[in-house]
Amino acid sequence: SIADDDYRSYYVSFLQNNMELSKAFQHRLLDGMRVAYSGVTGAFANIVAKRVFPDGTAVGYGDFAAAYEAVVSGECDCALLPIENSFNGDVNKVLDLAFFGNLYITGIYEAEIVQNLLGNSGATLSSIKTVISHPQALGQCAAYIEKYGFKTEEAVNTAVAAKKVAESSDPTTAAIGSVEAAEEFGLQVIRG
């Protein structure tokens, strides 16, 4: 600590300027960074990629392996992939990529994921017969699905499920996914 009051204000100003300069440099480094994820706009991986790398460009791929390979090939700078789900355990396909591939895990980020039941306009909880989502989301919501007797259908990710439901206009089919996916594809949140 600086004892002299005259010097303390200069020192604090010096530290604040250094932090601002550092943040500006980090922004410059990350601006243009391409972040691979599995899914489309509205997928949880897309949402988390934007939170973790707000200055980067999130680039969606069809599945975990394609996102991983985008980094291996140099198309993207890093991949944001889920490795564990607190309700449904490890994401084995990603762990296999991490174990057998040549990329390294350089960061682990926790993200709260809130699943929602998404339907077309006019759909209600009682009209829903089938839910579509990624197998992890279906596993997370297994008790809820069983309680209401829904049939299930798997999709490559939650946002693709939402898109499929939106394109069907079917009030008996719903997706499990994010509020952002509902907004992206014009669905309503039936149950959050």
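Analyst: Let's start with a cut-off: a residue counts as exposed when its relative accessible area is over 50%, as buried when that is under 20%, and as partly exposed in between. Keep in mind that this is a predicted model.

Now to Ser169. Its relative accessibility is 53%, so Ser169 counts as exposed. You'll find Ser169 in the loop between α7 (158-168) and β9 (173-177). The backbone is worth a look here too: phi of Ser169 is near 55 degrees, which is a positive value in a residue that isn't glycine.

For contrast, go to helix α1, which covers residues 5-30 and holds Leu15. Leu15 has a relative accessible area of 35%, so by the cut-offs above this leucine is partly exposed. Leu15 also belongs to a nonpolar surface patch with Tyr11, Phe14 and Met19, and together the four have about 400 Å² of accessible area.

Zooming out, the protein chain has eight helices and 10 strands. Its radius of gyration is 21 Å, whereas a compact globule of 192 residues would come in near 16 Å. Along the principal axes, the C-alpha atoms fill a box of roughly 70 × 40 × 25 Å. Of the 192 residues, 36% count as buried. The chain exposes about 11600 Å², with carbon and sulfur atoms supplying 53% of that area. As for contacts with a separation of 6 or more, 65% of them involve residues 24 or more positions apart.

Terms used: Residues are numbered from 1 along each chain as its sequence is written. This is a predicted model: local features need pLDDT of at least 70, side-chain atom pairs count only at pLDDT 80 or more; totals for chains, interfaces and linings use all residues. Side-chain values use heavy atoms; hydrogens and water are left out. Patches are made of residues with over 30% relative accessible area and no salt bridge: like charges are joined within 9 Å, nonpolar side chains (Val, Leu, Ile, Met, Phe, Trp, Tyr) within 5 Å. Accessible areas come from the Shrake-Rupley method with a 1.4 Å probe; for residues, only the protein chains shown count as cover. A salt bridge is a side-chain nitrogen of Lys or Arg within 4 Å of a carboxyl oxygen of Asp or Glu. Helices (H or I, at least four residues) and strands (E, at least two) are DSSP runs, numbered from the N terminus. Buried means under 20% relative accessible area, exposed over 50%, partly exposed in between (1.4 Å probe, protein chains only). The radius of gyration is taken over C-alpha atoms; the globule rule is 2.2 Å times the number of residues to the power 0.38. Contact means heavy atoms within 4.5 Å.
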